[in-house]
Amino acid sequence: MPVGSVSVNQMTYQTIQQQLDKGWRVFDPNRLTFLRQVLQWVGQPDQDLTIIQIAGTNGKGSTGAMLREVLRAHGETVGHFASPAVFNDREQIWLNGQFVTETAWVTAYHQLLQALVAHDRTIDDLSYFEVWTIVALLVFQAEHVTYAILEAGLGGRDDATHMVGQAAVVAYTEIGLDHQNILGQTLAEIAQNKADLITPGALVVSDLAQPAEVLTILKTTTQAKQATWAAQPVTVTVRQDTPAGLAVSVAGEHYQLGLVGAFQRRNLSVVWQILAALEQRDQVMFDVAARRRGLAQAQMLGRMQVDQTRHILWDGAHNEDAAQGLVASLTNWALPERPILILGVLADKNYHQMLTILLPLVSAVITVTPNNPRALSATALAETVQAIDANLPVTALDQDPLTYAMAQRTSPSQYIVVAGSFYTLNAVGGFS
């Protein structure tokens, strides 16, 4: 029986999740028109929200997490929609510091379902990500959040988050090569796809360390969309970068971040710009004390997440640029021993380039198969590792790789790095 014909009272949250269509529907040129129609059917919840959209290839999650916590430290109510989840789908909707409850999710879902049925549609007409985007907006509306942070899922122009009518701020983190089979073969094509997320009247900010061609595209599109380019230089100086945390200085003030990795300085510059844009727009002031409290509290599951007791680092690094950031952090830390790498990748990623970046830094590799239909098998990845470096020990192992890695350590202080995708982290587990 189709999902749309079943009473929501007969379905548990888990049952609903199992029946949602997990595919991407970004190839239909009329898709956004339909999604905007559905949004009208459920009462246009986006019009009741001050929306901050974050797009980019790397850093969206970290930027969103830092921004969320600074806003909360300032006393605001905040909703945050991010993807993908690592262990629990509810991680994708944060509401004032907590994951959305199953009850709140199902209530919003019921509202969406009723609207679809009233227009002779079923839930099967929407993909998983589309459902979650609309549910997030409905949850944020019901909770009357001051700010709603929406992270783009895939690109910008055809992404489901582009269904919203207007964002107060559109922010861009680092844009690089990723999802080239969907977004475009060149950096310019990918940048244009993401730039097309910009809505009229928005304040647009960006990581200003982007390549010149990316910044030109963002600026040109901002003008064409009748939005305002509000990006401004922000100097973030790294004072200390260790597994215990990242200490930085901005405008003469010192901050201790809950997130680690020196590359966070670029994401923090975007957070600073978003705060400045909101101060300009809403006539508010986010003081140093709120920024300190918020940045110290910011955490992101599975992104440069360190267990200092067991010497394990989990990082969802899933492309070339993210791998470069991971390597830069490990190099800065000057670890006494090269780490053991547990790696799993998706077959549609440029994993060959990722391997050339990561392999010189590690002592051994354990390959795994991520929890995703697009996963490259552990065996195929191990064969690729051997082809690149025949002298590097490599083991394909999908059963309990973390325990195996711990047994292979040359000392208890040797780090184990789990990376390649958030889906890899889900497959490996072991979070404390």
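Colleague: Is Ala334 buried or exposed?
Modeller: This is a predicted model, where local features need pLDDT of at least 70, side-chain atom pairs count only at pLDDT 80 or more, and totals for chains, interfaces and linings use all residues. Residues are numbered from 1 along each chain as its sequence is written, and side-chain values use heavy atoms, leaving out hydrogens and water. Buried means under 20% relative accessible area, exposed over 50%, and partly exposed in between, with a 1.4 Å probe and protein chains only. Ala334 has a relative accessible area of 59%, so Ala334 is exposed.

Colleague: What is the phi of Ala334 near?
Modeller: Most residues other than glycine have a negative phi. Ala334 sits in the loop between α11 (320–333) and β14 (340–343); helices (H or I, at least four residues) and strands (E, at least two) are DSSP runs, numbered from the N terminus. Ala334 is not a glycine, yet its phi is positive, near 50°.

Colleague: And Asp400, which loop holds it?
Modeller: Asp400 also is not a glycine, and its phi is positive, about 50°. Its relative accessible area is 49%, so Asp400 is partly exposed. Asp400 lies in the loop between β16 (394–396) and α14 (401–408).

Colleague: Where is the cis peptide bond with omega near -5°?
Modeller: Most peptide bonds are trans. With omega near -5°, the bond runs from Ser83 to Pro84.

Colleague: How many helices and strands does the chain have, and why is it as compact as a globular protein of that length?
Modeller: The count is 15 helices and 17 strands. The globule rule is 2.2 Å times the number of residues to the power 0.38, and the radius of gyration is taken over C-alpha atoms. For 432 residues the rule gives 22 Å; the chain is close to that, so it is as compact as a globular protein of that length, with a radius of gyration of 21 Å.

Colleague: What percentage of the 432 residues count as buried?
Modeller: The C-alpha trace spans about 60 × 60 × 40 Å along its principal axes. Contact means heavy atoms within 4.5 Å. Among contacts between residues at least 6 apart in sequence, 74% join residues at least 24 apart. Of the 432 residues, the buried share is 56%.

Colleague: How many aromatic pairs are there?
Modeller: Rings of Phe, Tyr and Trp (its six-membered ring) pair if their centres lie within 6.5 Å; planes under 30 degrees apart count as stacked, over 60 as edge-to-face and the rest as tilted. By this rule the count is eight.

Colleague: How far apart in sequence are the parts that Trp105 and Trp132 tie together?
Modeller: Trp105 and Trp132 form a tilted pair, 5.2 Å centre to centre with 50° between the planes. Trp105 is buried at 0% relative accessible area, and Trp132 is buried at 0% too. Trp105 lies in helix α4 (residues 102–118) and Trp132 in helix α5 (residues 128–142), so the pair ties together parts separated in sequence by 27 residues.

Colleague: Which helix holds Trp272?
Modeller: Tyr255 and Trp272 form an edge-to-face pair, 5.2 Å centre to centre and 80° between the planes. Both Tyr255 and Trp272 are buried. Tyr255 lies in strand β11 (residues 253–257), and the pair ties together parts 17 residues apart in sequence, because Trp272 lies in helix α9 (residues 264–282).

Colleague: Which residues do ring pairs link into a cluster?
Modeller: Trp105 and Trp132 belong to the cluster.

Colleague: Which residues does Thr133 contact, leaving aside neighbours within four places in sequence?
Modeller: Thr133 lies in helix α5. At 0% relative accessibility, Thr133 counts as buried. Its contacts are Phe81, Ala160, Thr161 and Met163.

Colleague: How far apart in space are Arg239 and His254, C-alpha to C-alpha?
Modeller: Arg239 lies in strand β9 (residues 236–242) and counts as partly exposed at 46% relative accessibility. Leaving aside neighbours within four places in sequence, Arg239 is in contact with Ala247, Val248, Ser249 and His254. Arg239 and His254 are 15 residues apart in sequence, and in space the distance is 8.7 Å.

Colleague: What separates the C-alpha atoms of Asp21 and Ile123?
Modeller: Asp21 is in the loop between α1 (13–19) and α2 (31–41), and at 32% relative accessibility it counts as partly exposed. Not counting residues up to four places away in sequence, Asp21 touches Leu126, Ser127 and Tyr128. Asp21 and Ile123 are 102 residues apart along the chain, and their C-alpha atoms are separated by 9.0 Å.
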